[in-house]
Amino acid sequence: MKLIGSLTSPYVRKVRIVLAEKKIEYEFVLDSPWSPESTVPNVNPLGKIPVLVLDDETALFDSRVISEYLDSVAPNNKLMPAPNRERTEVKRWEALADGVCDAAALLFLEKKRPAKQQSADWISRQENKIINGVDYMAKELGENACCIGMHFSLADIAAVCALGYLAFRFPEID
């Protein structure tokens with residue numbers, strides 16, 4: 001099995017943490033979809049990372065799909081509860097964290113454009129999503145050590161990856 005991605009993607013980081021937690025061996029192939037020589041579109045028609053290529057050459061894409069698959073194939077260190085309210089809570093946290101990452105990635109890309117082409121409204125919209133998302137995470141987490149109950153889950157991995165990406169790309173955001 002091989003994981004295709006970059007070192008800066010929070011979504012790739014999430015999958016790499018899941019692989020580590022599940023103790024699953026894999027080959028890591030560095031590839032940026034922004035590179036003209038990228039092979040990512042050959043395995044993911046959307047041209048996005050991460051991509052997990054299984055031993056039978058099946059390509060899985062989107063960190064949510066990959067993470068859920070990995071949790072289901074290795075019984076150790078369960079990161080997702082069985083389908084119930086708690087699983088919905090884990091998925092809610094993951095959606096929140098991924099939404100913060102989506103807004104941060106869009107903001108990063110917009111700020112790379114020439115200043116005259118940047119949209120102040122677009123930038124403000126993405127910044128508000130990030131601030132509101134982080135504030136919501138802080139309120140929901142409170143003084144708890146884990147996002148859901150007392151055990152480490154995919155919710156925690158997603159939240160840590162979102163906050164890590166913000167610290168990397170936008171250190172000015174507290």
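Where is P50 found? P50 is in the loop between α2 (40-43) and β3 (51-53) of this predicted model, and the views below start from the whole chain and then turn to local details.

**View 1. Overall fold of the predicted model.** The protein has six helices and four strands. Along the sequence, these elements follow the order β-α-β-α-β-β-α-α-α-α. With a radius of gyration of 17 Å, close to the 16 Å that the globule rule gives for 174 residues, the protein is as compact as a globular protein of that length. Its C-alpha atoms fill a box of roughly 50 × 45 × 25 Å along the principal axes.

**View 2. The cis peptide bond between I49 and P50.** Omega of the bond from I49 to P50 is near 5°, and the bond is cis. P50 belongs to the loop that links α2 (40-43) to β3 (51-53). Most peptide bonds are trans, and most residues other than glycine have a negative phi.

**View 3. K23 in the loop between α1 and β2.** K23, a residue other than glycine, has a positive phi, near 60°. The loop that holds K23 runs between α1 (10-22) and β2 (27-30).

**View 4. Crossing of helices α3 and α4.** Two packed helices are described by the distance between their axes and the angle between them. For α3 (residues 63-73) and α4 (residues 85-112), the axes come within 12 Å and cross at roughly 145°. The crossing of α3 with α4 is right-handed. On the α3 side, the residues in contact are S63, R64 and E68; on the α4 side, they are R87, K91, E94, A95 and D98. By class, this contact of α3 with α4 comprises six charged residues, one polar and one nonpolar.

**View 5. Arginine over the ring of F28.** R16 lies over the face of F28, at 4.4 Å from the ring centre.

**View 6. Arginine over the ring of F108.** Over the face of F108 lies R169, at 3.9 Å from the ring centre. As for pairs between aromatic rings, the structure holds zero.

Methods:
Residues are numbered from 1 along each chain as its sequence is written. This is a predicted model: local features need pLDDT of at least 70, side-chain atom pairs count only at pLDDT 80 or more; totals for chains, interfaces and linings use all residues. Side-chain values use heavy atoms; hydrogens and water are left out. Axes are lines fitted to C-alpha atoms, for helices over the stretch in contact, and angles run from 0 to 180 degrees between N-to-C directions. Helices (H or I, at least four residues) and strands (E, at least two) are DSSP runs, numbered from the N terminus. A crossing is left-handed if the near helix is turned anticlockwise from the far one by less than a right angle, and right-handed if clockwise. Contact means heavy atoms within 4.5 Å. Ala, Val, Leu, Ile, Met, Phe, Trp, Tyr, Cys and Pro count as nonpolar, Asp, Glu, Lys and Arg as charged, and the others, Gly among them, as polar. Rings of Phe, Tyr and Trp (its six-membered ring) pair if their centres lie within 6.5 Å; planes under 30 degrees apart count as stacked, over 60 as edge-to-face and the rest as tilted. A charge sits over a ring if NZ of Lys or CZ of Arg is within 6 Å of the ring centre and within 35 degrees of the ring normal. The radius of gyration is taken over C-alpha atoms; the globule rule is 2.2 Å times the number of residues to the power 0.38.
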